[in-house]
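Here are a few notes to read with the model open. They cover a pocket and a helix pair.

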Amino acid sequence: MKSRLLCAMAMVGALVVPAFGEDIQPAVLYDLGGKFDKSFNEAGYAGAEKFKKDAGVEYRDFEIQNDAQREQALRNFARRGNSPIVAIGFSQATAIEKVAKEFPNIKFAIIDMVVDLPNVRSIVFKEQEGSYLVGLLGAMASKSGKLGFVGGMDIPLIRKFACGYVQGAKAANPKVEVFQNMTGTTGAAWNDPVKGGELARSQIERGADVVYHAAGGTGLGVLQAAADAGKLGIGVDSNQNHLHPGKVLTSMLKRVDVAVYDAFKDAKDGKWSNGVKVLGLAEGGIGWALDDNNKALITPEMKAAADKAEKDIIAGTVKIHDYMSDQKCPF
């Protein structure tokens, strides 16, 4: 009788084990620009590293060198049994759609694009909200009333950053002028700091004294050019304030790290979900950076204005236009 009871207890124990977590083999596929781009990809890397530290679970990753490697890398991960596989960047969508269909039992996630499949989580952000806040701060910091914006690849997603930035700037100063340039029309636009620097300098020569970039690795050249000219840059995605202390006004935080971390953790905890996940200010997926590197640049009035704007956006009393909703920027 005692042996039967012990056996039954052991069976019950075995049944409840999955509730404490699942064995996973996570992986990350970075976009062009590499995982140490100090921006978009590196935010994803930071999320994977945090999960590794917190959960004690190793992960695989891969940095593509060209577009042809996307599908190959995803398929190699899936064949090895890696799951979930998080692909960083909208350009991974076609490859994700194809490979996810081939491996329906593998969990996939993609950042910045929607792929409608039962085994895919699509994570998108309200970049316009954070761009509005840094535009507001930029206009308040500007002495010339002229701002700059340098985008990476000329696509609606980056126009979305630009439009939010202009709206925020005009909320602070209706007469502000915002110069805009895109770096290119191919993936190479994310990794061209020389061109980024040239575009920033041209905007500075026209009078811009604050320049915001949404250009991945190209943005490193933008921030460098602004610092060299004695002007202010605004970073993006990761906190880039430390790159040029006292010369980076702030950074628009796009929490790709949170998206990657949550994808890994949800899979491990047995709480994985497919479908679309939208991260904005209210969800803690968007923000702006204030630290020792830029605190001297942010006046109490600027911080109060940004804090109020954030609360108003979350409450819905201030509406930020989403360029991708109509491919237009009314500002």
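**Notes on the pocket and a helix pair**

1. Let's begin with what the largest pocket is made of: its lining residues divide into nine nonpolar, one polar and five charged. Bear in mind while reading that this is a predicted model.

2. On size, the largest pocket comes out at a volume of about 220 Å³. It has 15 lining residues, and those closest to its centre are D112, V124, L157, K160 and M324.

3. The largest share belongs to α6, with three residues.

4. Now the helix pair. The axes of α3 (residues 69-79) and α4 (residues 93-102) come within 9 Å of each other and cross at roughly 30°. Angles under 35 degrees count as roughly parallel, so α3 and α4 are roughly parallel to each other. As for handedness, the crossing of α3 and α4 is right-handed.

5. Who makes the contact? On the α3 side the residues are R70, E71, L74 and R75; α4 brings A95, I96, K98, V99 and E102. Sorted by class, the contact of α3 with α4 has five charged residues and four nonpolar ones, with no polar residues.

6. To recap for your own check of the model: look at α6 for the largest share of the pocket lining, and at the α3 and α4 pair for a right-handed crossing.

Note on methods: Residues are numbered from 1 along each chain as its sequence is written. This is a predicted model: local features need pLDDT of at least 70, side-chain atom pairs count only at pLDDT 80 or more; totals for chains, interfaces and linings use all residues. Side-chain values use heavy atoms; hydrogens and water are left out. Axes are lines fitted to C-alpha atoms, for helices over the stretch in contact, and angles run from 0 to 180 degrees between N-to-C directions. Helices (H or I, at least four residues) and strands (E, at least two) are DSSP runs, numbered from the N terminus. Angles under 35 degrees count as roughly parallel, over 145 as roughly antiparallel, 65 to 115 as roughly perpendicular and the rest as oblique. A crossing is left-handed if the near helix is turned anticlockwise from the far one by less than a right angle, and right-handed if clockwise. Contact means heavy atoms within 4.5 Å. Ala, Val, Leu, Ile, Met, Phe, Trp, Tyr, Cys and Pro count as nonpolar, Asp, Glu, Lys and Arg as charged, and the others, Gly among them, as polar. On a 1 Å grid over the protein atoms alone, a cavity is a set of points where a 1.4 Å probe fits but cannot get out, and a pocket is an open set with protein on both sides within 12 Å along at least five of seven lines; lining residues have an atom within 4 Å of a point. Grid points are joined across faces, edges and corners, and a volume is the space filled by probe spheres set on the points.
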